[in-house]
Amino acid sequence: MKVLLTAINAKYIHSSLAIRYIYKNCQDLSCDIEMLEVSINNHLIDIANQIFDARPDILGISCYIWNIELVKQLLPLVHRLLPNCKIICGGPEVSYATKEFMQDFPMVDFVVRGEGEKFFHDLLQALLDEKNNEEIKIAGIAKRNSDDTINENIAVTVSDLDEIIFPYDDDDIENLKDKIIYYESSRGCPYSCKYCLSCATKGVRYRSLDKVFAELSYFIKHNVRQVKFVDRTFNADKKHYLPILEFIAKQDCRTNFHFEIVAHHIDDEIKAVLKKMPKGRVQFEIGIQSTNLKTLGQISRANPWEEMTNNIKSIMAYGNIHLHVDLIIGLPYEDITSFAKSFNDVYLLQADMLQVGFLKLLKGAAMNDLIQEHDYVYMPQAPYQVISNKYVDYATMRKLQIFVDVLELYYNAGRFKYTIINLIKQYNQDAYTFFADFAQYWQAKKLHLAPHAPKNLYVFLYDCIE
């Protein structure tokens with residue numbers, strides 16, 4: 001029996017942690033398992049052709065917000081090409097509203113709900129034993145019965161992360177070393193931010209530090225470019241994350257490690273380690289999202305602002321750590337005046353990147369309970385991005401889309417750093433108004449309708465200043 005695990009990544013430079021976990025944790029089974037990775041930039045027929053060429057008996061597809069619309073087009077096409085192939089879907093996009101998904105796509109035989117390493121293994125074993133669908137009763141597996149009824153079953157988690165086999169090997173890592181490699185040392189999150197899927201699970205589970213050190217050493221030995229931790233809050237528990245930072249600081253390597261952290265969990269002991277960190281060894285992403293206290297209260301997020309800003313400024317002063325800070329447009333109670341204040345507050349931190357995204361109403365996230373209260377209108381298809389609410393109409397939201405594009409091209413790309421700092425000083429540090437004016441110029445000239453060579457960006461900025 002041949003099994004093909006398929007991932008459709010958002011970019012060529014990305015890699016799929018999910019299918020590698022499944023692949024490695026099913027190696028004891030007596031079947032031929034292969035992996036196929038493509039990106040959303042591949043043509044639909046090209047992806048289908050690669051699946052057809054593999055001739056799988058079982059096809060597993062990893063479903064995420066960035067690929068689900070393409071997956072929905074792919075499923076009926078693959079079924080036509082390989083009508084006898086059993087199709088198994090898994091991932092966040094099908095772990096919620098599973099029954100509706102299976103009703104809409106009758107060619108899908110099973111859905112793995114939640115964390116799939118153990119449960120996909122058990123499902124595959126049952127299929128190898130030639131059990132029919134009615135006989136298969138596995139936690140976390142939704143199935144289609146012979147009479148076309150659907151048993152959803154509840155989503156499940158893996159209780160002991162040490163039981164999960166490390167997902168990389170020498171052949172695989174050689175092909176990936178110049179791509180972004182994803183890794184996790186924990187699952188879950190101690191917080192319950194309503195816009196995040198982590199609010200759907202409780203508690204945090206950790207991989208043993210001895211395993212983490214051995215696995216990070218493996219990446220370093222293979223000279224990979226970047227390891228991106230997918231831990232939702234890397235620095236949730238000091239007993240776990242401080243030893244990891246100390247370990248990384250002692251290494252002699254080119255590998256960069258990326259972490260998502262909360263700024264208020266950084267004390268003097270942590271700062272001492274960070275201050276001595278080799279330049280370029282780590283980069284941090286810190287979600288601020290808003291500085292409006294009413295907004296933060298509605299989304300169940302605590303931002304002790306003074307403590308956060310002091311820690312962020314300390315990290316920036318060390319000059320050895322690349323730092324991203326995040327804001328979200330479209331949160332409850334955040335009108336344009338409130339967003340402008342949040343933006344200006346965060347701009348003054350002078351982080352390396354100020355990433356501004358738009359709220360997405362993810363399946364399974366608690367934000368969906370606030371749709372009526374805040375008059376949310378959002379895209380009906382992935383990525384479910386908010387297009388208006390009680391506080392920001394779509395005309396304003398459209399202007400903010402161009403605002404974000406200009407911010408990416410100029411501030412986040414690192415271009416014109418000193419020019420922009422000087423210009424914003426002339427705006428009395430009102431960074432929001434500067435970028436809003438620039439975005440208005442950009443829209444008036446219809447520059448948002450086409451890509452631009454980097455050299456032309458100099459011309460546009462000069463023209464705008466004039």
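Helices (H or I, at least four residues) and strands (E, at least two) are DSSP runs, numbered from the N terminus. This is a predicted model, in which local features need pLDDT of at least 70 and side-chain atom pairs count only at pLDDT 80 or more, while totals for chains, interfaces and linings use all residues. Residues are numbered from 1 along each chain as its sequence is written, and side-chain values use heavy atoms, with hydrogens and water left out.

**Exercise 1. Describe the surroundings of Lys177.**

Step one places Lys177 in the loop between helix 7 (170-176) and strand 8 (180-183). Step two takes its accessibility: buried means under 20% relative accessible area, exposed over 50%, and partly exposed in between, with a 1.4 Å probe and protein chains only. Lys177 has a relative accessible area of 26% and is therefore partly exposed. Step three lists its contacts, where contact means heavy atoms within 4.5 Å. Not counting residues up to four places away in sequence, Lys177 touches His222, Asn223, Val224, Arg225 and Arg254.

**Exercise 2. Determine whether Thr6 is buried or exposed, and name its contacts.**

Thr6 belongs to strand 1 (residues 2-9), and with 0% relative accessibility Thr6 counts as buried. Once neighbours within four places in sequence are set aside, Thr6 is in contact with Ile19, Leu36, Ile51, Leu59, Gly60, Ile61 and Ser62.

**Exercise 3. Work out how helix 16 is oriented against helix 14 and helix 17.**

Axes are lines fitted to C-alpha atoms, for helices over the stretch in contact, and angles run from 0 to 180 degrees between N-to-C directions. Angles under 35 degrees count as roughly parallel, over 145 as roughly antiparallel, 65 to 115 as roughly perpendicular and the rest as oblique.

For the classes, Ala, Val, Leu, Ile, Met, Phe, Trp, Tyr, Cys and Pro count as nonpolar, Asp, Glu, Lys and Arg as charged, and the others, Gly among them, as polar. The contact of helix 14 with helix 16 divides into 14 nonpolar, one polar and one charged residues.

For the second pair, the axes of helix 16 (residues 431-444) and helix 17 (residues 454-465) come within 10 Å and cross at roughly 110°, so helix 16 is roughly perpendicular to helix 17 as well. Here Phe434, Phe438, Tyr441 and Trp442 of helix 16 meet Leu457, Phe460, Leu461, Asp463 and Cys464 of helix 17. By class, the contact of helix 16 with helix 17 has eight nonpolar, no polar and one charged residues.

**Exercise 4. Classify the ring pair of Tyr218 and Phe219.**

Rings of Phe, Tyr and Trp (its six-membered ring) pair if their centres lie within 6.5 Å, and planes under 30 degrees apart count as stacked, over 60 as edge-to-face and the rest as tilted. The structure holds 34 aromatic pairs. In the pair of Tyr218 and Phe219 the ring centres are 6.4 Å apart and the planes stand at 70°, so the pair is edge-to-face. Both Tyr218 and Phe219 are buried.
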